[in-house]
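Here's a quick tour of one protein model, written for someone who likes to check contacts and distances for themselves. Have a look at the structure first.

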Amino acid sequence: MYKQAVYFFFLIIVLFPVISPAQKVYKISYDYINNGKKSDVQSDIYYYDSLVYLSKSDAKIQQYTDLRKKQNISTIVFEDKVYARLIPFSELPEPDFDSSRDMEVLGYKCSYASYTYFSNKIEVWFTSDTRAKGSPYSRFLPAEDVLVTRVLVNGNSEFVLASVKKAKDYEPYCNFNDSSIVVNDAEFEEIKINSRFSKLMVFDNEKINFNPDILPPTENELKADTTYRMSKGSVILKKIKLTPELSNSEYIFAQLTCRSNGDAYDRTGSVFTFTDENDSITTILDAYINGKDVLPVFTDNNGKNYQGIAKTEKYAPPVELMRFFTSFGAGHFNELREINNYPWAGDVVYKQDITSLIPSEDDEIWIGVFIGNYDGGGHVVSLELDFYPSGQEVEDKHRFIEPLFSTVNTMEMSGQNYGRFFNNDTLEVSFEIPDSLDNVQLLYTSTGHGGWGGGDEFNPKLNQIFIDGEEIFHIVPWRTDCATYRFSNPASGNFSNGMSSSDLSRSNWCPATLTPPYIIPLESIEKGKHTMKVVIDQGDKEGGSFSHWCVTGVMVGE
């Protein structure tokens, strides 16, 4: 029993600071003045036993100045570990002293020093005539045995000493100890940034390729957090779970990383989502499992059938989160196409704001990635969702998301037709704008394809959108910046004139890039039922070659 009592007393001594009468805790208060106007709230730091406590107790990042060991300490708790950055005083900015600028602050005779830091002029006044030591700016401490009494930044923003008092009811606690993981500046900055938001890895180095032997799962086999390969390997699919904290984030981004695993060509890709909570609504999942014939069919004026291109009362197209295009072989072909002074990218990273397209109330959603290819090696992708919280309390708003149409044939390898009817027919869809909906927008994504000289990939074509017969939007989708991405396209063909295939301008896309949607306001459209038509000046086919358009439309609002 005696040993246990001694051990318990030892733990108290080690884990908690013991304040002796000779070791007082001092509270150092500063007034903040900006352009001559003093703030109503003071800033406080504390000094105890040669350690300056610079942070509030609930701050994510704790900062200390250790005057005994002559170093600044910053700590952060991330994933249940304490990480620390140590900056010796010898690495702090060097001050310039000027005795002609000495002055009195709060009755203390103070010396003057100045710093230039990141193009800012920092002026400080300091004294050694106090028991308390330290600086409200830990980087600007002219000596270890002084108290900084005034800090003036760029001549208009300053902290001025208001009081030095013995603290009451303050128990100094430092979470830096021998178990802390010491990291360098760059590593600490990375941890600090990563601690501010949440990441959800959806796919991690998953293959997307063509394999006709891949069979879809049965409906009874489906479960969450499991990757499924659909449409002969050209689609990967997973149901993920979202907490309200994640789905109600102020910003949500999707980050896709893609590298070639053997496919040399630029392919159409799509990241998409849907829910399966309504059993009466057919989704693309039903088609992946049971075949494309479960999808509603549109027959154009030439008698050709197109599966699942527009919403109906019983069918909801997928919601496209990102339209992307793979590179010409980044990764797999880097060493096979070496060119001096051409530093090929090892992969391509695409990142896009998808906040308005993630449901705020569904706790489970399906997310898929499609790359149209007939290559056995295909591509390797990773998909991460990043959730950024608001810096302040905001009112939760229900996101309204309704997919209206999609001609991105994610079942291309299972026979789903390309969107090539625009030269003889029109895409038409009926929809309704609810009375309660605000900030109504149509997110319209359009890319043209037909990869020969006369094809729509290389020829600008007019896109028009009509609601109830009135044109609300028109544009010629076109990209002229494709040459920017040459180093992501090692397998791109080089022409005799010095250009490369990946340099050529295209109908709103480039190899190794994203194509973001056009944002079309619908606030002027009356609430209620309407008809939307998409008209595109699609070119005629040439021999066995034909043009087609990948267009998606999603109505969003609050």
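What follows covers the cysteines, the nonpolar cores, a strand pairing and one glutamate.

Keep in mind that this is a predicted model.

Let's start with sulfur. The count comes to one disulfide, formed by C482 and C510 with their sulfur atoms 2.0 Å apart. The link is left-handed, with -75° about the S-S bond. C482 and C510 are 28 residues apart, each in the loop between β30 (470-475) and β31 (514-515). Both C482 and C510 are buried.

Two other cysteines are worth a glance. C258 is in no disulfide, and the sulfur of C550 is too far from the closest cysteine sulfur for a bond. Here's how C258 and C550 look in numbers:

| Cysteine | Nearest cysteine sulfur | Relative accessible area |
|---|---|---|
| C258 | C510, 16 Å | 3% |
| C550 | C510, 15 Å | 2% |

Now for the greasy parts. The largest nonpolar core has 35 residues, and L256, V271, M322, I367, V369 and L383 touch the most other members. Among the elements giving two or more residues to this core are β17 (235-241), β18, β24 (364-371) and β25 (379-388). Apart from it lies another core, of 33 residues, including I87, F126, A132 and V146.

On one side of the story, β17 pairs antiparallel with β16 (residues 228-230) over three bridges, with M230 and V235 as bridge partners. β16 and β17 form a hairpin with four residues between them, and S231 in the turn has a positive phi of about 45°. β17 also runs antiparallel to β24, joined by seven bridges, and there I240 stands opposite I365.

Last stop: E250. Is E250 buried or partly exposed? It's partly exposed, with a relative accessible area of 36%. E250 is found in the loop between α3 (244-247) and β18 (251-260). Leaving out residues up to four places away in sequence, E250 touches T355, Y388, P389, S390 and G391. With S390 there's a side-chain polar contact of 3.4 Å. By contrast, the C-alpha atoms of E250 and L147 are separated by 41 Å.

Technical notes. Residues numbered from 1 in each chain as written. Predicted model: local features only at pLDDT ≥ 70, side-chain atom pairs only at ≥ 80, totals over all residues. Heavy atoms only, no water. Buried < 20%, exposed > 50% of the residue type's maximum accessible area, 1.4 Å probe, protein only. Contact = heavy atoms within 4.5 Å. Polar contact = N/O pair within 3.5 Å; in protein donor to acceptor, adjacent residues only side chain to side chain. Core = buried A, V, L, I, M, F, W, Y, C linked by side-chain atoms within 4.5 Å. Pairing = 2+ DSSP bridges. Disulfide = S-S within 2.5 Å.
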